[in-house]
Amino acid sequence: MATSPAHALPDTVPEAKVLLRLRNIGKVFPGNVALCDVSLDIRAGEIHALMGENGAGKSTLMKIIAGEYSATSGDILVDGKSLPANFDAARYGIGLVHQELSLVPALSVAENIYLGRLPRRFGSIDWRAAERNARAILQRLGVDLDPRAPVGRLEVAEQQLVEIARVLERAPKIVLFDEPTSALSDSERSRLFDVIRLLKEEGHGIVYISHNLSEIMAISDRVTVLRDGQLAASLPIAEASEAKIVGLMVGQALAQQFPKFESDIGQPVLRVENLVSGTALKGVSFSLRQGEILGVYGLMGAGQAELAGAIFGLTPFDSGEIHAGETPLKDHSAADAIAARIGLLSRDRRQSLIPMQPIAPNLSLAWLSDRAMLSKLEVGREKRESADYIKMMRIRPPSMTQKLLHYSGGNQQKVILARWMSSGSKILIFDEPTRGIDVGAKAEVFAIMSRLVEAGTSILMISSEINELVALADRVLVMRSGLIKVELTREQLSQEALLLHSH
Amino acid sequence: MAHEMTTSSPASTKADRSRLALRDILFKAGPLIALIALIAYLSFASPKFATHTNFANIGRQTAPLAILAIGQTFAILTGGIDLSVAAIAAFASATTAVLMTSPLVLFGVDLGYLPIPVCLAAGLMVGLLAGLLNGWIIATFKIPDFIATLGTMQVFRGVALLTTQGQSVPGPSSTREMPPAFTWLGTANVAGIPASIFIALICAGIAIYVLKFTALGRAVYAVGGNREAARVCGISVGRTKIYVYAISGLLASIAGILLVARLSAANALLAEGEELRSIASVVIGGTNLFGGEGGVIGSLIGAMLVGVLGNGLNLLGVSPFYQRIAQGVVVVLVVIFDQWRRRSLNKK
């Protein structure tokens, strides 16, 4: 095995035809290089797994193959011919099964499968043919669903199969799966694997994105790892191991760009006990201490977002207890959380800003939470503090009139931080604090965080940036499927440990 | 409206920024420039236009619309819309008119004519309560403002018809005419200026103060600018809506009462179509139809534009049929211009 060249396939599939070839694909978003010089082949009868950390470029690559994004550079070749820009993927035999379901719940299974392309007969819709064909496709997938049943009444797994049937109806040669199992139970998952293996046997080329390492090991023939938008490696599964894949995902030990500062860690200021919220949180307990940066890591959908929402009073939770200091928080609103001196930097900055207003009203917005509606604004204080924070946080441009939407992401983030500092928050929830901001602004945000904990503020840092957590956090809670799977102390903390425990 | 967050660096050079500021000012002053141009044109086109009598006339006719537009501004700033303002104006003023023109009989006891201030207070109370009802429905059931007020618009018209029994007031069941002390409100001049203009200006002054200097004002802009951000900052969207629609209802009742005082007669179908003209005034005045941007001064200018346009077309002898068409065209053109302006501003 070791002697065979990396690109050759086992002899059992002698003429593994290359269905699709990516040559030096690059994709640049404004201010962000998502993909750089990625080349790979997708072969008939092969399940090709695509792995990488959050933000490594997997989904971008998928969308380029599916024709949803156009590549900034490079070629996509099907049957040796280069595809034009903005190509129609279905025409070239490429079908994408989306991560999120894109079905219309009120329509029937058959209507969803044929959405926009229902078969016609003498100009009117041929319902009988539609239902017959839909049933045939579903049977091919080994499921017995009534084509007339409304999709909204089906189980999630059944909906996923309808989604797959919809893709298969157009007879693609290449089927792309973007994290298809994230919403499925174990038995549903194995049923999906049967379907994927079936497609493989029929000679389809399959690309499969998943975060689940054991899943990848079980099902794929070849694994390609992306790291920071670049191809880290592409190797047959026989040459891969879980540890090797994790190593490839992380890359060389990153230089410690953000030196850890020491702060005095005190008493618990936020206690969460047995927090349950739907299926997102299944009994989460932890405490955050004064002057501590407590990291929370998990893959997308592991429950971190819901945790932030529940603590801050944005989404109600079913059971459990939250105490901020001595204040119990239950059925609380954001106003109650703010009164308990909690602040939230949301995952999506757009969720926190009034884009068409300048800095001052954005800064003072959280002051209003406990004011009577007809009370007078503190216009003077607002002006003074805005000027102070602009100076202190080096917000650029230092304008009192410019609308916030004209600021860069990093500067917007500083304004939100200033908002919570000015309203006296002692517990800050940072949900993805560095998402979409450039390196310089990142360093500034970290500097402010270190100043905050020095002054006794506590930070719950929810992040999918492993290196940032390793650099900044005093402890990290690793979440998986709504539970805290493990708590890593500063000594146990490493990129490999975070990846291994979260997958 | 999706406000794109730019991640690129902001306008880099000083010249760039001052050019943008100039454009911003020109865009903002657009409605005022249009108003001045229209007045200048009409002064040339019709000798009767630029006279004191005509200006006083325009003022008297426009004051109720301006007051409706102030309330509408609050609703639109939160990203909502109040379709029931004209119906509330009719309902509230009908209440005042009926109380003034016939003695009140409660449980068989004849209480006689209520004093005028009490009749006025009753009308204002009706407007306030109607507005509170709008706000409560929107806040409690979380249905779109548009739908809620479309429904209550019909309800308030219906109740107004019941109040007046479908008659003009004073009418067959009335026992006296409107008291002159009341009609004075709609017809009198103070220092040569119609009293109703002063009332409109007082309303505008208070509204501007509320929007600029109170927590409620900030909440209004925040809810309309980004409802989610308002929520994250602990601002109750529902409570803000209740205040806003209560204000709109109260102002609508003031507008209705002024209208009835000018006409010396109330009627359940009073001010039909004024809800649309109030929305037109707000939008012409530069308030973003999707909320979060704009203000009362623009709406006043917008109302004046609508008023002057109507008056000018009358003086020029244009048939009322064409006037409607002209007004509709102006509104659509303004919204098109506004969309274009906003896109180019936000792109920088």
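**Where chain A meets chain B**

Let's begin with one pair of residues in this predicted model: Glu293(B) forms a salt bridge with Lys403(A), and their closest N and O atoms are 3.1 Å apart. Lys403(A) sits in the loop between H11 and H12 of chain A, while Glu293(B) sits in the loop between helix H11 (274-284) and helix H12 (296-315) of chain B, so the pair joins two chains. Both partners are tucked away: Lys403(A) is buried, with a relative accessible area of 18%, and Glu293(B) is buried too, at 12%.

Now step back to the interface around this pair. Here 43 residues of chain A are in contact with 37 residues of chain B, and the area buried between the two chains is about 3,400 Å², with 64% given by carbon and sulfur atoms. On the side of chain A, Met356(A), Met373(A) and His406(A) lose the most area to chain B, together 22% of what that side buries. Between the chains there are two salt bridges and 10 residue pairs in polar contact. Helices H9, H10, H11 and H12 of chain A each supply at least two residues of the side that touches chain B, and the largest share, four residues, comes from H12(A). By class, that side has 24 nonpolar, 12 polar and seven charged residues.

Salt bridges also occur within chain A. Arg140(A) pairs with Glu202(A), the closest N and O atoms being 3.0 Å apart. Arg140(A) belongs to helix H3, whereas Glu202(A) lies in the loop between helix H5 and strand S10, 62 residues apart. Arg140(A) is partly exposed at 36% relative accessible area, and Glu202(A) is partly exposed at 39%.

Key. Residues are numbered from 1 along each chain as its sequence is written. Chains are lettered from A and ligands numbered from 1 in the order in which they are written. This is a predicted model: local features need pLDDT of at least 70, side-chain atom pairs count only at pLDDT 80 or more; totals for chains, interfaces and linings use all residues. Side-chain values use heavy atoms; hydrogens and water are left out. Contact means heavy atoms within 4.5 Å. Buried area is the accessible area (1.4 Å probe) that two parts lose on being put together, summed over both. A salt bridge is a side-chain nitrogen of Lys or Arg within 4 Å of a carboxyl oxygen of Asp or Glu. A polar contact is a pair of N or O atoms within 3.5 Å; within protein, one must be able to donate a hydrogen and the other to accept it, and residues adjacent in sequence count only if both atoms are side-chain atoms. Ala, Val, Leu, Ile, Met, Phe, Trp, Tyr, Cys and Pro count as nonpolar, Asp, Glu, Lys and Arg as charged, and the others, Gly among them, as polar. Buried means under 20% relative accessible area, exposed over 50%, partly exposed in between (1.4 Å probe, protein chains only).
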